[in-house]
Amino acid sequence: MAYLTLRGINKIYPNGFHAVHDFNMEIEKGEFIVFVGSSGCGKSTTLRMIAGLENISKGEFYIDGEKANDKGPRERGVAMVFQSYALYPHMTVYDNLAFGLTLQGVDDDVIEQRVQSTAKILGLTDYLDRLPRELSGGQRQRVAVGRAIIRKVDIFLMDEPLSNLDAKQRVTMRSEITQIHRETGATTIYVTHDQTEAMTMADRIVVMKDGYIQQIGTPYELYFNPVNMFVAGFIGEPPMNFIESTIRKGKLDLKENKIDLSLVADQSVLDRYEGKEVIFGFRPEAVKVLTGGETAGREYFVHCFVNLVELLGDNTNVYVNFDGVNSILKVDPHQSPDVGSGFEFAIPFDSVYLFDKNTEKRIKLREE
Ligand code: ADP
């Protein structure tokens, strides 16, 4: 059995709302797991059931092979970091860090040693005498993380810990938390609605929607092998382009039928979907701008018109229209086209995704 096992976990709140459906997952010791999804999809509820702050309505939860459904938060050996820093405002950073250990009756010299080493890891050594209100948001959040790691528990649970920070602080704290995880080796479950946080921090990501797991996988698997439109659209920024079309004689027939996209796929797949409506998807960053004179290799050439250009520095988002549909392309800023102009781009065959329009499930172009 894995280190943490969630088997058929459900949460039905007292008002009857079914917030989490049949959550199944095995988590290995030391893994960094991220629960990601839009607000209200059940991430915090699941985390709180793991923490012991919310009872499990149905299903079994094991820690290191032992059933933990009925264990209280303290017995589970978890430390939790919340979105609000929840620091004691009248206590110094030192006392905030030391508080939990003092309550446990840990010796003063051990506390001193642990506060100093925790402060060092988090760059708080020079701030130990300050009160929370004398710190920046980032520093306060570091104290909150420090209060969790000072307890040397085996399991860290973090619920949107960076959402009160500005964009720059978030990027810094992101890498700090990853580094702390590497140093402590604690099994970590981290909740966020931010796909970039999920992609950059996780060993494995759990994508959730409406209380159901959509997919569990490494960032690489989710990006390249999404199981459905929801995951494909959630992971990646800007999101994947989705275009309604129909498969006719092995070709993708877009709305106004002006471009010829012969599908490169197994015949059995083409036969199965002949005449059916599908969703054609490609990522904004998968395209190549054509400068003229190229001949098509393993790629589709598409002519489009530019509606809007957003220069971001490292790349440019180009909002285009082709064949009656709108899409976003992410291109090299030096290749930015002008608004109102027409240009040609290429979509490599291996960057094309297809989804069943009814089930929204991914259609594999090749049988494996
Ligand atoms: P997330 O963390 O993904 O934003 P939550 O787990 O907080 O989502 O909430 C999942 C769903 O459960 C939401 O629709 C929310 O409104 C609902 N919910 C949360 N807490 C309660 C509660 N105490 N009683 C009833 N419904 C709740």
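1. Terms for helix packing. Angles under 35 degrees count as roughly parallel, those over 145 as roughly antiparallel, 65 to 115 as roughly perpendicular, and the rest as oblique. Axes are lines fitted to C-alpha atoms, for helices over the stretch in contact, and angles run from 0 to 180 degrees between N-to-C directions. Helices (H or I, at least four residues) and strands (E, at least two) are DSSP runs, numbered from the N terminus.

2. Basis. This is a predicted model, in which local features need pLDDT of at least 70 and side-chain atom pairs count only at pLDDT 80 or more, while totals for chains, interfaces and linings use all residues. Residues are numbered from 1 along each chain as its sequence is written, and side-chain values use heavy atoms, with hydrogens and water left out.

3. Overall picture. The protein has nine helices and 21 strands. Its C-alpha trace spans about 75 × 45 × 35 Å along the principal axes. Of the 368 residues, 49% count as buried. Buried means under 20% relative accessible area, exposed over 50%, and partly exposed in between (1.4 Å probe, protein chains only). Take the contacts (heavy atoms within 4.5 Å) between residues at least 6 apart in sequence: 67% of them join residues at least 24 apart.

4. Helix 4 and helix 5. Helix 4 covers residues 137–149 and helix 5 covers residues 167–184. Their axes come within 11 Å and cross at roughly 20 degrees. Helix 4 and helix 5 are therefore roughly parallel to each other. The crossing of helix 4 past helix 5 is right-handed. A crossing is left-handed if the near helix is turned anticlockwise from the far one by less than a right angle, and right-handed if clockwise. From helix 4, the contact uses Gly137, Gly138, Gln141, Arg142, Val145 and Ile149. Helix 5 supplies Gln169, Thr172, Met173, Glu176 and Ile180. By class, this contact has four nonpolar, five polar and two charged residues. Here Ala, Val, Leu, Ile, Met, Phe, Trp, Tyr, Cys and Pro count as nonpolar, Asp, Glu, Lys and Arg as charged, and the others, Gly among them, as polar.

5. A note on spacing. An α-helix has 3.6 residues a turn, so residues three or four places apart point the same way.

6. Helix 2 and helix 4. The axes of helix 2 and helix 4 come within 8 Å and cross at roughly 25 degrees. That makes helix 2 roughly parallel to helix 4. Helix 2 passes helix 4 in a right-handed crossing. Val93, Asn96 and Leu97 of helix 2 meet Val143, Gly146 and Arg147 of helix 4. The class count for this contact is three nonpolar, two polar and one charged.

7. Helix 2 and helix 3. Helix 2 runs over residues 93–103 and helix 3 over residues 108–122. Their axes come within 10 Å and cross at roughly 135 degrees. Helix 2 is therefore oblique to helix 3. This crossing is right-handed. Helix 2 brings Tyr94, Leu97, Ala98, Leu101 and Thr102. Helix 3 brings Ile111, Glu112, Arg114, Val115, Gln116 and Thr118. The contact has six nonpolar, three polar and two charged residues. Leu97 is listed in this contact and also in the one with helix 4.

8. Helix 1. Helix 1 (residues 43–51) is mostly covered, with seven of its nine residues buried. The buried residues are Lys43, Thr45, Thr46, Leu47, Met49, Ile50 and Ala51.

9. Ile9. Ile9 lies in strand 1 (residues 4–12). Ile9 is buried, at a relative accessible area of 1%. Leaving out residues up to four places away in sequence, Ile9 touches Val20, His21, Asp22, Phe23, Met49, Ile56, Lys58, Gly59, Glu60 and Phe61. One of these, Met49, is among the buried residues of helix 1. Ile9 and Met25 are 16 residues apart in sequence, and their C-alpha atoms are 9.3 Å apart.

10. Asn317. Asn317 sits in strand 17 (residues 316–322). At 7% relative accessibility, Asn317 counts as buried. Its contacts, not counting residues up to four places away in sequence, are Pro238, Leu308, Val309, Glu310, Leu312, Ile328, Leu329 and Lys330.

11. Cysteines. A disulfide is a pair of cysteine sulfur atoms within 2.5 Å. By this rule the count is zero. Cys41 is buried, with a relative accessible area of 3%. Cys304 is also buried, at 0%.
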